[in-house]
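Hello,

Please find below the sequence and the structure for your files. My notes on what was found follow after them.

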Amino acid sequence: MGALDGRVACITGGTRGIGRATAEAFLREGAKVVVNGRDPEKGAQALAEMNGGDDVFFLAGDVKTREGCEAIVNGTVDHFGKIDILFANAGGASNHAPVADLTDEAMQDSLVWNFWHTFWTMQTALKYMIPQQSGRIITMSSVEGKVGKPGLSIYVAAKHAINGLTKSAAQEVGTLGITVNSVCPGAIETDIMMAEGPAAAASMGLDYEGLLGMFAQESAIKRLNETSDVAEVCVLLASDAGAGITGSMISIDGGTSPY
């Protein structure tokens, strides 16, 4: 018996990185899983590699639009008949710069990609979870949702906003069998980190290796975390064992955050 037998999960940005690791962990625990991404080719490759058969399904969609977010959640219900778990995992930021030099476009893009996508998918999922009086919502925050970093304000601001939304939503649905929590990973060298890290490093006056080294040295474990570290916490939050955890910002950062 798996911890998630009979559950249906939807994971945005689920073809690689933390989303992919979590999809595989959910499948292992007996869930049926919809993974989302923008590229159908990458989606097909991910499904083949996960080898989950009919228990895993790919839905292409752009999380930077309300219509895309609604279609991902509604499509999960259309395909598997319900939604029990939402992991609003997609996100990132590009065109980092110090606040004095930031463009409106960079800030807006980060807020849409991270915060608004989380709000749109959460709101759509709640339309199903509230009537069924059960559900698990997991939002993707970051150690940057708890601390500030120079040069990364577009990401820091969006992740702090996600934590506020998570806390308020948890208070609203706490008596309805629904939990809402955020996971706050430290630095993990995912595809998005490799793509956006060099520019982020430059905005902080570092090179990419220096950025990774800084993140490692800030932690108690003196290394980066792994995607599997986050996936296993998501399994806990999605399971019956996580029923008493809600409104929490759970650090998975090797001891980097002060709280």
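Is F115 buried or exposed? F115 is buried, at a relative accessible area of 18%; buried stands for under 20% relative accessible area, exposed for over 50% and partly exposed for what lies in between, with a 1.4 Å probe and protein chains only.

Before the rest, the conventions. This is a predicted model, in which local features need pLDDT of at least 70 and side-chain atom pairs count only at pLDDT 80 or more, while totals for chains, interfaces and linings use all residues. Residues are numbered from 1 along each chain as its sequence is written, and side-chain values use heavy atoms, with hydrogens and water left out.

Aromatic residues

Rings of Phe, Tyr and Trp (its six-membered ring) pair if their centres lie within 6.5 Å; planes under 30 degrees apart are stacked, over 60 edge-to-face, and the rest tilted. The count by this rule is 3 aromatic pairs. F115 and W116 make an edge-to-face pair, because their planes are at 75 degrees, with the ring centres 5.7 Å apart. W116 is partly exposed, at 34% relative accessibility. W116 also pairs with W120 in a tilted arrangement, with 5.6 Å from centre to centre and 40 degrees between the planes. These two residues, W116 and W120, are 4 residues apart in helix α4 (residues 104-132), so about one helical turn separates them. Helices (H or I, at least four residues) and strands (E, at least two) are DSSP runs, numbered from the N terminus. W120 is buried, at 12% relative accessibility. One aromatic cluster is formed by F115, W116, F119 and W120.

Charges over rings

A charge sits over a ring if NZ of Lys or CZ of Arg is within 6 Å of the ring centre and within 35 degrees of the ring normal. K64 lies over the face of W113, 4.4 Å from the ring centre. The charged end of K146 is over the ring of Y259, at 5.1 Å from its centre.

Strands

β2 (residues 32-37) and β3 (residues 56-60) pair in the parallel sense over 5 bridges; pairing takes at least two DSSP bridges between the strands. G37 stands opposite A60 in β3.

H96

H96 is in the loop between β4 (85-88) and α4 and is buried, at 14% relative accessibility. H96 touches G151, L152, I154, Y155, A200 and S203, not counting residues up to four places away in sequence; contact means heavy atoms within 4.5 Å.

Regards
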